[in-house]
Each structure stands twice: as C-alpha cells, then as structure tokens.
Amino acid sequence: MQTCVQIGRQDLAECAELGVSELVTNAVLHALPPIRLELRGTAGHPRIEVSDGSVVPPQPGSVAGGIDLDAFDLDAFDSGKTGDIDISELSGFGRGLDMVARASRAWGAVIEDDGKTVWFEPASDFADTGADFQLMAPPDTGEPRTRLGEVAIQIKGVPVHAFSRFQRHYRDLRREIRLLALAHEDDYPLAKVLSDHFNALEMPLRSGMGREQVDEALEAGSETTDLRLRMPPHIARQIGELIDLLDAADDFSRAERLLTASRSPEQRAFQIWFLSEFRRQAAGAAPQPWSGNEQTAPTILS
C-alpha cells in the first residue's frame, strides 16, 4: 500500500494490502454502511481499521469449505488467485479472516452501540499461524438504573454537528488509546493509565450524553438543540472529569506522534463547555448556553 511507503514501512505493504482487501470485502458483503477505512496508531506500530454499521462481530476460525490455507501464495495476491484458491471463495467461506490473522501482528474488533471497527496491525511476513483475535464489547452490568436522587441537566443550544464531531473524536481516541495499551503496553505505559481512566468512565458516559436527542435533531434538520437529561449527581460529576482526561490524551497524542490528530482549539472549547455543564449543574448552577465563542471559558465548579 502506498500509505505504508509514505510512513516508511514498506515492509508491511503486502500484508497490509491483503488484510485491507479481505476486511473491506467482508464489510461490503456482510455488514451495513457507512464503511470507513483508516490508518491509526504510530509509524512504529501502524494499525489499519475498517469500520461499518453492523454490531455483529466477525467470526474468525471457520473451517467451512475444507480449503487448505497453506496453499495460499502471497506473491500471487495481486492477480486475485492464490494457486487453486480464489480469494473471493475464501471470503465467502469466512476463511479470509484466517488470512487476516496470519498477515497480522495483532488484530481484533471493537463493538460500539451503532457499529464496529475491525482492526489489524500488519506483519512484515505472512505467518504459519494466525494472531489471536481480540474482541472489545460494551459492558453489560445487568443492573437496573435507579431514578432516586437524580438531578435535571439541561444543555442549552447544543450545535448538533459539533456534538457529532465530538462523539466521533471521543470514540476514535478511546479506541486508539485502548488498542495501544492492549498491544504495546511496554512501549506506551501511559496508554495503559489513560485506557484505565477511559474504562472507568464507560458506564457514566453510556448513561446519558443525549446522543438520541441529538440524532433526532439531525434528522429534523436542526442546527442546534436543547438536551434534557436526568441522572444521579455523581454520574454528572464523572462525565465532567472527561475534560482533564481529554487534555491528557491530547498531550499523549502529540508526544507519541500518534496518527490520530489531536483536537483543534475550537473542538476543545466546545467540549470544555459541554462537559462543564454536567459538573456545574450537578453542583446546583444554572444552565449556561453555548456562546459559540472559544474565548469565553465557562466557570468550572469542583
């Protein structure tokens, strides 16, 4: 792949091309749109991600069809044939995922509420045995949510497109940090610390960020919307803690030269305002609408 050459990793190009071909084909044939292909990680540990709109995880390790994967010829990959094996046939039987495993140093999937991301770190050589598949899925505590002692949170004048960009950036960054911690904890020890903090905030953020209300506003063609939420005060305070975590993640991204871009000043200003409202209103303050001015910093109450 030309991208591997651009980041100085020509040694990964063949395995990267094989993995991308299989995962994109798999997404087109078996998943739902939108489908997105991205390069993440670092130049030292590049990671390729294919995202789609299905929450069904891939099923590696199928033995259907009796295909002998040892007959696969990597040098013949560009022709679309590998000896007597047709690549499209491999995808149809699910054995193409075994090729991804053998072309990877590490690989897996991250399941979100509205889709999944299948990722792999391309290897320099095609291996005899595949890397283990690693699956991350949302936690299911099975605990009922109480409404006792909840506080009303009103987030006024939320620009829906800025909110959507925030959600996208947060999810990409969280996945980036988690996967670096999972696969390269020794190389990036701070990633493990940040990943633990992201995990601690998983349930509070899933409890009430108002995504459904924003989606309704987007479908209606509205530019802004007012969010009306209810949650226990400690959940609102925990959501506010994301301000410091995102700043720390930005510092980490710049220090390690991650391929995931850090936030722009405008994005950071919006996120500080939005998250501060949870913390402020949990402490009894009145709602403060979005001003649209990055120079206007909200008052943050501890």
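## The second largest pocket

Helix α5 (160-183) supplies seven residues to the lining of the second largest pocket, the largest share. Helices (H or I, at least four residues) and strands (E, at least two) are DSSP runs, numbered from the N terminus. The model described here is predicted: local features need pLDDT of at least 70, side-chain atom pairs count only at pLDDT 80 or more, and totals for chains, interfaces and linings use all residues. Residues are numbered from 1 along each chain as its sequence is written, and side-chain values use heavy atoms, with hydrogens and water left out.

A pocket is found on a 1 Å grid over the protein atoms alone, as an open set of points where a 1.4 Å probe fits, with protein on both sides within 12 Å along at least five of seven lines; lining residues have an atom within 4 Å of a point. The second largest pocket holds about 450 Å³ of space, where a volume is the space filled by probe spheres set on the points, and grid points are joined across faces, edges and corners. Its lining has 21 residues, and Pro34, Arg36, Asp114, Arg168 and Arg171 lie nearest the centre. At least two lining residues come from each of β2 (46-52), β6 (115-122), α5 and α8 (211-219).

## Proline 34 and its peptide bond

Proline 34 lies in the loop between α2 (13-30) and β1 (36-41). The peptide bond that leads from proline 33 to proline 34 is cis, with omega near 0 degrees. In general, most peptide bonds are trans.

Aspartate 172 is found in helix α5. With a relative accessibility of 8%, aspartate 172 counts as buried (under 20% relative accessible area; exposed is over 50%, partly exposed in between, with a 1.4 Å probe and protein chains only). Leaving aside residues up to four places away in sequence, aspartate 172 touches Arg36, Glu38 and Arg40, contact meaning heavy atoms within 4.5 Å. The side chains of aspartate 172 and arginine 40 are joined by a polar contact of 2.8 Å. A polar contact is a pair of N or O atoms within 3.5 Å; within protein, one must be able to donate a hydrogen and the other to accept it, and residues adjacent in sequence count only if both atoms are side-chain atoms.

Glutamate 112 lies in strand β5 (residues 104-112) and is buried, at 10% relative accessible area. Its contacts, not counting residues up to four places away in sequence, are Val55, Pro138, Arg171 and Arg174. The side chain of glutamate 112 makes a polar contact of 2.6 Å with that of arginine 174. Valine 55 is 57 residues from glutamate 112 in sequence, yet the C-alpha atoms are 6.8 Å apart.

## Aromatic residues

The whole structure contains twelve aromatic pairs. The rings of phenylalanine 270 and tryptophan 273 have centres 5.8 Å apart and planes at 45 degrees, so this pair is tilted. Rings of Phe, Tyr and Trp (its six-membered ring) pair if their centres lie within 6.5 Å; planes under 30 degrees apart count as stacked, over 60 as edge-to-face and the rest as tilted.

Phenylalanine 270 and tryptophan 273 are both buried, and they lie three residues apart in helix α11 (residues 265-282), about one turn of the helix. Both belong to one aromatic cluster, formed by Phe163, Phe166, Phe270, Trp273, Phe274, Phe278 and Trp290.
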